[in-house]
Amino acid sequence: LVLGAGVALVASKTKMSFWFRNIYLFNGVVTFLIFLTHTPLGISIKGSQRWLNIIGFNFQPGEMMKYTACLTAIYYFNRFDFYSTKEKFLNSLHFIVPMLLLLAQPDFGSFSIIAIIVCFAAFISDFPRKLFYGGLVIVNSGVLVMLFAAPYRVRRLMVFLDPWKDPQNSGFQIIQSYLAFANGHVFGQGIGNSNEKLFYLPEAHNDFILSVLGEELGLFGVLCVVMLFLGFTFLGFKLALATKSKINQQIVACLIFAISIQAFLNMGVVLGLLPTKGLNLPFISYGGTSFICNIWVIGMIFSAISEKSQMFDQAPNSGAV
C-alpha cells in the first residue's frame, strides 16, 4: 500500500505527455520483462511461468502489461492513418508480441483482458470502423481456436456448463464458491468467520476473494462491492468526458475500462456466470504486483485529467517509434 501510494503520487505529478510520447519504450521494457519469465529467471507457480524474482519479491510483469498495452493501443490507433503500411505492421507488434508471450506462459486470462482492452481502445479512437469490425471477427475466431486447442481450457468450459459432472476435480473450485455464497445468506457469517477460505476453496485469497466476502458479509456485502465498482466505472467515465483533450479522454476511459472489465469478469467467474480463468479482483485480491499497478493507474488518471495541453489532438508526424 505504501509503495503503491508512492508510485501513484509520482505518476500523478508527471505529465501525461511524458507517458504517452514514450509509451512504446515503456511497453517495450515490460515486454522484455515478460520475455524474461520464459528464461531461467522466471518462476513457475502451479504450472505457469508468469513471475520474476526481483530483490526477493515476486513480480508479475503481465499485470503492468494490461495498462501499458492500453496506452500503446490508443497511441497506435490514433496514428493509424498517418502510418505507412510497413509502419502499421511494425508498430502493431508492440501489443501483439507481448500477447503471444503471455499465451506461451500460459496466461490466457491476461491475454483475454489485453485483447478486450485493445479492442476497446480501437473502438473509442479514430480507427476506421470497417477495419475494426473486420478485425473483431478475426480476433474472435482466433480466440475460439485457441480455446479449443488446449484441453485444459475445454475442460474449464465444460465445468462452467455443469460443474457437478466432476465435483472432486475440475468442478471443485466453483462448487465451493457456490457453497461460500450460500453460507453467507443475506448478512454473512461475520468478518473472519469464513470456513471455505480455511479448508476448502482454492485461491480464496486471490481469484475467489469475492466468494469469501460473500460468505463473511453476505448478499449485502457483495452488493456493496458491486456498487463500489459500478460507481468507480461511472465516475471514471464521467471524468473522462470532462477532460479537455480528446486523447486524454480516451486514455482515462480506457484505463477505467481496463480495471472495471477485469473486476466484472472476476465477479462473473466466481458466480459461475463465466468459465474459470486466472483473474484477480482489482484492489481487493491478494497480490502486490496487481495492487501497485492498479494504484499506479489511478495516478495516471489524475495526471490525464489535470493535463491542460491539447497537443495530442494535432496530427502527428508519421514514423514508427
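The second largest pocket is lined by 23 residues, and F95, I96, G135, I138 and V139 lie nearest its centre. A pocket is an open set of points on a 1 Å grid over the protein atoms alone, with protein on both sides within 12 Å along at least five of seven lines; lining residues have an atom within 4 Å of a point. Helix 4, helix 5 (85-104), helix 6 and helix 7 (129-149) each give two or more residues to this lining. Helices (H or I, at least four residues) and strands (E, at least two) are DSSP runs, numbered from the N terminus. The largest share, 9 residues, comes from helix 7. The space in this pocket is about 670 Å³, a volume being the space filled by probe spheres set on the points, which are joined across faces, edges and corners. Its lining has 20 nonpolar, 3 polar and no charged residues. Here Ala, Val, Leu, Ile, Met, Phe, Trp, Tyr, Cys and Pro count as nonpolar, Asp, Glu, Lys and Arg as charged, and the others, Gly among them, as polar.

The model is predicted: local features need pLDDT of at least 70, side-chain atom pairs count only at pLDDT 80 or more, and totals for chains, interfaces and linings use all residues. Residues are numbered from 1 along each chain as its sequence is written, and side-chain values use heavy atoms, with hydrogens and water left out.

The largest pocket has a volume of about 1,600 Å³. Its lining holds 49 residues, with R50, W51, Q60, E203 and N206 nearest the centre. Helix 13 gives the largest share, 6 residues. By class, the lining divides into 22 nonpolar, 17 polar and 10 charged residues.

The search found 1 cavity of 30 Å³ or more. In a cavity, a 1.4 Å probe fits but cannot get out. The largest cavity has a volume of about 40 Å³. Among its 10 lining residues, V159, F160, I174, L274 and T276 lie nearest the centre. Helix 8 gives the most, with 3 residues.

The largest nonpolar core has 57 residues. Such a core is a set of buried (under 20% relative accessible area, 1.4 Å probe, protein chains only) Ala, Val, Leu, Ile, Met, Phe, Trp, Tyr and Cys residues joined through side-chain atoms within 4.5 Å. Y67, F77, I251, L255 and M300 have the most contacts inside this core. Its largest share, 12 residues, comes from helix 12. Beyond its neighbours within four places in sequence, L255 is in contact (heavy atoms within 4.5 Å) with Y67, C70, V297, M300 and I301.

How values were computed:
Buried < 20%, exposed > 50% of the residue type's maximum accessible area, 1.4 Å probe, protein only.
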